[in-house]
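Let's take a friendly walk around a protein model. Have a look at the structure below, then read on.

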Amino acid sequence: MSKKEKVVLIGVNHAGTTAVKALTRHYPNAEIIAYDRNDNISFLGCGIALWVGKEFSDPKGLFYASAETLTKLGAKVKMAHEMTKLNTSEKTVTIKDLKNNKVFTESYDKLILAIGSWPILNPGGKIIPGLLALKNGQLQTDPINGYKLTEGIYLSKLYQHAQTLITELNKSSVKNVVVIGAGYIGIELVEAFTKIKKKVTLIDFENRIMPRYYDPEFTNDLEADMVKSGVKLQLGEILTEFNVKDNKVTQVVTNRGTYDADLVIMAVGFLPNTKVLMNPDGSNELKLDPRGAIIVNKYFQTSNSDVYAVGDCIAIHSNAWQNDVNIALATNAVRSGLVAGLNIATNNKVAFPGVQGTNAISVFDWKLAATGLSEISAQAIFGQENVAAVYYQDTIYPPFMKENHQVKIKIVWDKKTRRILGAEVGSQYDHTEVIYMFSLAVMKQITIDELPLIDMYFLPHFNKPYNFVTAAALLATGILSQNDIIYPDPYKKGPKGAKLNEASARREEIKEV
């Protein structure tokens, strides 16, 4: 009987869980040992805002796997165990048992690193005064965050973070909440805090929300509705310090103002959690990109062929950028874990097709989705002169339908190659599933010229003869003009339930508020 190959996996959340499942299903001749520093796995961090906003009270549904389920599949899963060192030349990892502080060495034949990412605590590359808790002038360590944060300042990533938030928000003394960071996590939490009647201030150094995901035609409308809901938007401001009294945060200070705070969320983004790969001499055991992400090939092998890496800690191939970039999304983590597990099982037979960074958000009655690159992002990467885009807005159904509403779409493409680089869609109704088609289009390098002739159905219950995707494509290519695609409205009554306004009108509303 041949000796089983020993596969060690570090990190058992989205990427790691999927890798374990792939290995147990497809590689019976393997001994699989998985370690994680946490005491739970598979927590859906995207559900924290829903929990805070009282969408549900029992968080059990935020977990889709457990150490017990993976053990039943045939893996050995050890929780509360942290990797402290990797030695690729000896093919060993140093592990610390966090319950008893015992340290031991684990050997491997193949290693999968799913060590994830961690919230940024030093935006702009500097520690913010008042952020870290001090005792007698000394920094305090924390088993969850590494360093203890000043009381009242919290992160939003782990189940433990969510538990703490729920506890703190139930205190009557917590009235003013400040969110630092206007990305997905920040915006979702802002909505949750408004739902539970907190006074919310949102601070970001950018001049608008979610600038890397959506263009102004989408964010302007959302910002207006956030202001209408009572959110204080402090955009274009740089965080400078936290005012602390009796070891508790009281105010957030920026370069333009000071804001009262009973509770603060740091949501300024994430970085790959790869410091553990650094040697005492400053070198790294594996090759990293400038952001600190592990460089991998299409099989998810690192610079060492016996070490694979998956999830938020890697630079994954973007079909839109046509480059490897760190895109921290749970969907990317799951797919990378699946492919890495299959490649260890099959000796690298499954090449990864890349990702588009497809994402969506549902906040303040808006349903937005995007894939690939926004127009502004594409211009920054490829040059303004090389990028084209079309923005189109229309009602969904023919005017004879009793109910109607509006949707808007933007398509971005490369002027030279004509390949589609990205798309955005938004409405106060759900049309986000159309982004799946655009994700495939980016992956397969479909051109903007092919898009108008894609076979799409028509039925008044669902759309118009020229639905909003086809209409945008026809306008983009110049095949038809705006007048050619308009469905005449003999009733002249306007769409019932259509709440969507032009972006310019929304900007005026923000000014008035």
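The protein chain exposes about 24100 Å², and carbon and sulfur atoms supply 51% of that area; accessible areas come from the Shrake-Rupley method with a 1.4 Å probe, and for residues only the protein chains shown count as cover. This is a predicted model, in which local features need pLDDT of at least 70 and side-chain atom pairs count only at pLDDT 80 or more, while totals for chains, interfaces and linings use all residues. Residues are numbered from 1 along each chain as its sequence is written, and side-chain values use heavy atoms, leaving out hydrogens and water.

Of the 513 residues in the protein chain, 53% are buried (under 20% relative accessible area; exposed is over 50%, and partly exposed lies in between, with a 1.4 Å probe and protein chains only). Along its principal axes, the C-alpha trace spans about 80 × 60 × 45 Å.

What is T18 in contact with, leaving aside its neighbours within four places in sequence? The partners are V334, G337 and L338, where contact means heavy atoms within 4.5 Å. A polar atom of the T18 side chain also lies 2.9 Å from the backbone oxygen of H14.

Notes. A polar contact is a pair of N or O atoms within 3.5 Å; within protein, one must be able to donate a hydrogen and the other to accept it, and residues adjacent in sequence count only if both atoms are side-chain atoms.
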